[in-house]
Amino acid sequence: MVSTLNTFEFKVYNYVIKNHQTVIYMTVRELAEACDVSTATILRFCKKMNCSGYAEFKAYLKMNAEKRGEISLPHGANEFLSFFKSINNDEFDALIASAAEQIAGAERVIFVGAGSSGTLG
């Protein structure tokens, strides 16, 4: 498999080998930026590693890390880490800033939510 990689895919391979514990929590865009390649290169790399896509590739990495006892996170923590990584970007920051500006400029703001019993809390 490695012999079929082009120069850019080989950069991804080297990064993954050195940082496999981190890669399992990265988005495809974050990995592409870390390797200084395109997201398309990441997806081609995953295909050459016999995975249908990036999600399957990460699952494979995670499964192997768990087998080796390298992951010691409590059950469900991966979802939280993935969420926080997904909102740690400029696009999300811009959305939050825009929402804050709209709230700050509004004459009236009403928050509606349901409590655990389904009634307003």
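**Core, helix packing and salt bridges**

Student: Leaving aside its neighbours within four places in sequence, which residues is Y54 in contact with?

Tutor: The model is predicted: local features require pLDDT of at least 70, side-chain atom pairs count only at pLDDT 80 or more, and totals for chains, interfaces and linings use all residues. Residues are numbered from 1 along each chain as its sequence is written, and side-chain values use heavy atoms, with hydrogens and water left out. Contact means heavy atoms within 4.5 Å. With the neighbours within four places set aside, the partners of Y54 are V23, M26, T27, V28, L31, I42, L43 and C46.

Student: Which members of the largest nonpolar core touch the most other members?

Tutor: Such a core is a set of buried (under 20% relative accessible area, 1.4 Å probe, protein chains only; exposed is over 50%, partly exposed in between) Ala, Val, Leu, Ile, Met, Phe, Trp, Tyr and Cys residues joined through side-chain atoms within 4.5 Å. Of its 19 residues, those touching the most other members are V12, V16, L31, I42, Y54 and F57.

Student: Which helices each supply at least two residues of this core?

Tutor: Helices are DSSP runs (H or I, at least four residues; strands are E, at least two), numbered from the N terminus. Those supplying at least two core residues each are α1 (7-23), α2 (28-35), α3 (39-48) and α4.

Student: At what angle do α1 and α4 pack?

Tutor: V16, H20 and V23 of α1 meet Y54, F57, K58 and L61 of α4. The axes, which are lines fitted to C-alpha atoms over the stretch in contact, with angles from 0 to 180 degrees between N-to-C directions, lie 10 Å apart. The two helices are therefore roughly perpendicular (65 to 115 degrees; under 35 is roughly parallel, over 145 roughly antiparallel, the rest oblique). Their packing angle is about 90°.

Student: How far from K58 is the nearest side chain of opposite charge?

Tutor: K58 is found in helix α4 (residues 54-67). This lysine is buried but has no salt bridge (a side-chain nitrogen of Lys or Arg within 4 Å of a carboxyl oxygen of Asp or Glu). Lys and Arg count as positive, Asp and Glu as negative, and His and the chain ends are not counted. The nearest side chain of opposite charge, E30, is at a distance of 7.0 Å.

Student: Which residues are linked in a network of salt bridges?

Tutor: R44 and E9 meet at 3.6 Å, N to O, and this pair joins helix α3 to helix α1 across 35 residues. K48 also bridges to E9, with the closest N and O atoms 2.7 Å apart. E9 is buried at 1% relative accessibility, whereas R44 is partly exposed at 40% and K48 is partly exposed at 28%. The network links E9, R44 and K48.
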